Amino acid sequence: MKQNNKNRGFSVIELVLVIGIIAVIAAFTLPNLFNRKSVTELNNTVNQISITLREAQSRAISQSGGSEWGVRFDNSNPPYFAMFSTPDYSSSTRVIYTTLPQGIGYATSTLAADSYTDVVFGQITGKPSQPLSLGLYPIIEGQPILIVSVALSGQIALIDPAQPVTAATVAAVA
């Protein structure tokens, strides 16, 4: 009878080689995964802001509660946006309060740190008290910025500065 004395298992070289391959694959895929997540969060946040602005505008047009409606954008810690009924913003007139997700911020070129701005929509017309151009970005460097714009006409648009803006683009998001 012959005995098989051959050891079964993996050699150290084989294990190191497999671990090295896994490390190389992870080095390429993990950054892409995190970047995709931040871009998705940015898109979701911009959409939430747009919906909140349109809701405030709709409530002002329909004279809900007999008052004007507005949205406050605050760049304090934590940054947030909130829908409120007028005459002034306060916790008692606030209807919706949403903090920005961690990793998403207001561009300080459009809203300075520790400051805020209010957009109030007039009754019946739905026109804002002032125009707004508000940039948002993921805090990871090198990621795109998106802009929420409110024109004096009342038109609300989402603008991607990396894409050319055309009348069709603005009409599609309005």
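Colleague: In what order do the elements of the protein chain run from the N terminus on?

Modeller: Helices (H or I, at least four residues) and strands (E, at least two) are DSSP runs, numbered from the N terminus. Here the order is α-β-β-β-β-β-β-β-β-α, that is, 2 helices and 8 strands. Please note that this is a predicted model, in which local features need pLDDT of at least 70 and side-chain atom pairs count only at pLDDT 80 or more, while totals for chains, interfaces and linings use all residues. Residues are numbered from 1 along each chain as its sequence is written, and side-chain values use heavy atoms, with hydrogens and water left out.

Colleague: What percentage of the residues of the protein chain count as buried?

Modeller: Buried means under 20% relative accessible area, exposed over 50%, and partly exposed in between, with a 1.4 Å probe and protein chains only. Of the 174 residues, 33% count as buried. The accessible surface of the protein chain comes to about 10,800 Å², and 58% of that surface belongs to carbon and sulfur atoms. These areas come from the Shrake-Rupley method with a 1.4 Å probe; for residues, only the protein chains shown count as cover.

Colleague: Among contacts between residues at least 6 apart in sequence, what percentage join residues at least 24 apart?

Modeller: A contact means heavy atoms within 4.5 Å. In the protein chain the figure is 53%.

Colleague: How is strand pairing read, and which sense do β1 and β2 take?

Modeller: Two strands pair if DSSP finds at least two bridges between them. β1 and β2 run antiparallel and are joined by 6 bridges, with a hairpin of 5 residues leading from β1 to β2. W69 has S85 in β2 as its bridge partner. Strand β1 (residues 69-74) also pairs with β5, again in the antiparallel sense and over 6 bridges. As for β2, its pairing with strand β3 (residues 94-99) is antiparallel over 5 bridges, and F84 stands opposite R94 in β3.

Colleague: Which residues of β2 point one way, and which the other way?

Modeller: In a regular strand the side chains alternate between the two faces of the sheet. In β2, Y80, A82 and F84 point one way, F81, M83 and S85 point the other way, and all are buried. Strand β2 (residues 80-85) is accordingly mostly covered, with 6 of its 6 residues buried.

Colleague: Why is strand β5 largely enclosed by the rest of the structure?

Modeller: Strand β5 (residues 116-121) is largely enclosed because 5 of its 6 residues are buried.

Colleague: How many salt bridges does the count give?

Modeller: Side chains of opposite charge can pair when their charged atoms come close. The rule asks for a side-chain nitrogen of Lys or Arg within 4 Å of a carboxyl oxygen of Asp or Glu, and the count comes to 2. R72 and D118 form one of them, at 2.7 Å from N to O. Because R72 lies in strand β1 and D118 in strand β5, this pair ties together parts that are 46 residues apart in sequence. R72 also stands opposite D118 as the strands pair, and R72 is buried at 11% relative accessibility.

Colleague: Over which rings do the charged ends of R59 and R72 sit?

Modeller: A charge sits over a ring if NZ of Lys or CZ of Arg is within 6 Å of the ring centre and within 35 degrees of the ring normal. The charged end of R59 sits over the ring of W69, 4.9 Å from its centre. For R72 the ring is that of Y116, with 3.7 Å to its centre.
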